[in-house]
Amino acid sequence: MGRPILEVPENITGPWKGDVTIPCTYGPLQGYTQVLVKWLVHRGSYPVTIFLRDSSGDHIQQARYQGRLHVSHKVPGDVSLQLSTLEMDDRSHYTCEVTWQTPDGNQVVRDKITELRVQKHSSELLKTNTEAPTTMRYPLKATSTVKQPWDWTTDMDGYLRETRAGPGKSMPVFAIVLIISLCCMVVFTMAYIMLCRKTSQQEHVCEAASPSLLHSRLPCYLSS
């Protein structure tokens, strides 16, 4: 005949200020009677008993666990530890220990150790983590997006519509830079056209004044 085997996870994580259940179960065997259940926590060099279940009932051995520690008893083979309102100093190694009486009158003891981790996640931290991507999305989009020249007209129309729709709002920087660039291009183009016309007129005057220069390869201002 086999003997009872405890099933306990290697570690479990509970939320700070929340509740957690540390599983500890076994398969009941015919002829084996549970006589003692202990839960111990490792503080310093030696484990300390925090819960004891015997023939007289359940007993919480440490005052700090009063009102927030419970051990399952409704389901045979389930002696899981339930802790509520977790504190950071609750994180430690916990031992589940069960003693059975065998059919021949002897006792068998089994124990398993598990690590309880407490994760601190306040509501303010969750709120900040949730809102941060929304806040950063628009600046990142503005700086990382490169638009083609044929998209500028559409963007410019959109900016102008936003400016006209919202009185009192300043013109976007992009629109101002675009307008200044267009103005500079227009001024440069007009100056270039005027310079070309002036040069053409000078050459025409030279040809009219000195017909002999038509056969010369030098400009009239050099020949003179």
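**Salt bridges, burial and strand pairing**

Modeller: The structure holds 6 salt bridges. Please keep in mind that this is a predicted model.

Colleague: What makes Lys 17 and Glu 87 a salt bridge?

Modeller: The closest N and O atoms of Lys 17 and Glu 87 are 3.1 Å apart. The cut-off is 4 Å between a side-chain nitrogen of Lys or Arg and a carboxyl oxygen of Asp or Glu, so the pair counts. Lys 17 sits in the loop between β1 and β2, and Glu 87 in the loop between β7 and β8, 70 residues apart.

Colleague: Why is Lys 17 called partly exposed?

Modeller: Its relative accessibility is 46%. Buried means under 20% and exposed over 50%, so a value in between is called partly exposed. Glu 87, with 26%, is partly exposed as well.

Colleague: What is noted about the phi of Lys 17?

Modeller: Phi of Lys 17 is near 70°, a positive value in a residue that is not glycine. Most residues other than glycine have a negative phi. Thr 85, in the loop between β7 and β8, also has a positive phi, of about 50°. Thr 85 is partly exposed at 39%.

Colleague: How do you know that Arg 68 and Asp 90 form a salt bridge?

Modeller: Their side chains meet at 2.9 Å, N to O, and the limit is 4 Å, so the pair qualifies. Arg 68 is in the loop between β5 and β6, while Asp 90 is in the loop between β7 and β8, 22 residues apart.

Colleague: Are these two residues buried or exposed?

Modeller: Arg 68 has a relative accessibility of 13% and counts as buried. Asp 90 has 0% and also counts as buried.

Colleague: Which residues are linked with them in a network?

Modeller: Arg 64, Arg 68, Asp 89 and Asp 90 are linked by salt bridges in a network.

Colleague: What makes the pair Arg 117 and Glu 115 a salt bridge?

Modeller: The N to O distance is 3.6 Å, which is within 4 Å, so the pair counts. Arg 117 is partly exposed at 39%, and Glu 115 is partly exposed at 26%.

Colleague: What makes the link between His 42 and Thr 95 a polar contact?

Modeller: The two side chains come to 2.9 Å. The C-alpha atoms of His 42 and Thr 95 are separated by 8.0 Å, and the residues lie 53 apart along the chain. His 42 is in strand β3 and, at 28%, is partly exposed.

Colleague: How do you know that β8 and β9 pair?

Modeller: They share 10 bridges in the antiparallel sense. At least two bridges are needed, so the strands count as paired.

Colleague: Why are β1 and β5 called edge strands?

Modeller: The open sheet has 6 strands in the order β1-β9-β8-β3-β4-β5, with mixed pairing. Each of β1 and β5 pairs on one side only.

Colleague: How many of the protein's elements are helices and how many are strands?

Modeller: There are 4 helices and 9 strands. Of the 224 residues, 23% count as buried.

Note on methods. Residues numbered from 1 in each chain as written. Predicted model: local features only at pLDDT ≥ 70, side-chain atom pairs only at ≥ 80, totals over all residues. Heavy atoms only, no water. Helix = DSSP H or I, 4+ residues; strand = E, 2+ residues; numbered from the N terminus. Buried < 20%, exposed > 50% of the residue type's maximum accessible area, 1.4 Å probe, protein only. Polar contact = N/O pair within 3.5 Å; in protein donor to acceptor, adjacent residues only side chain to side chain.
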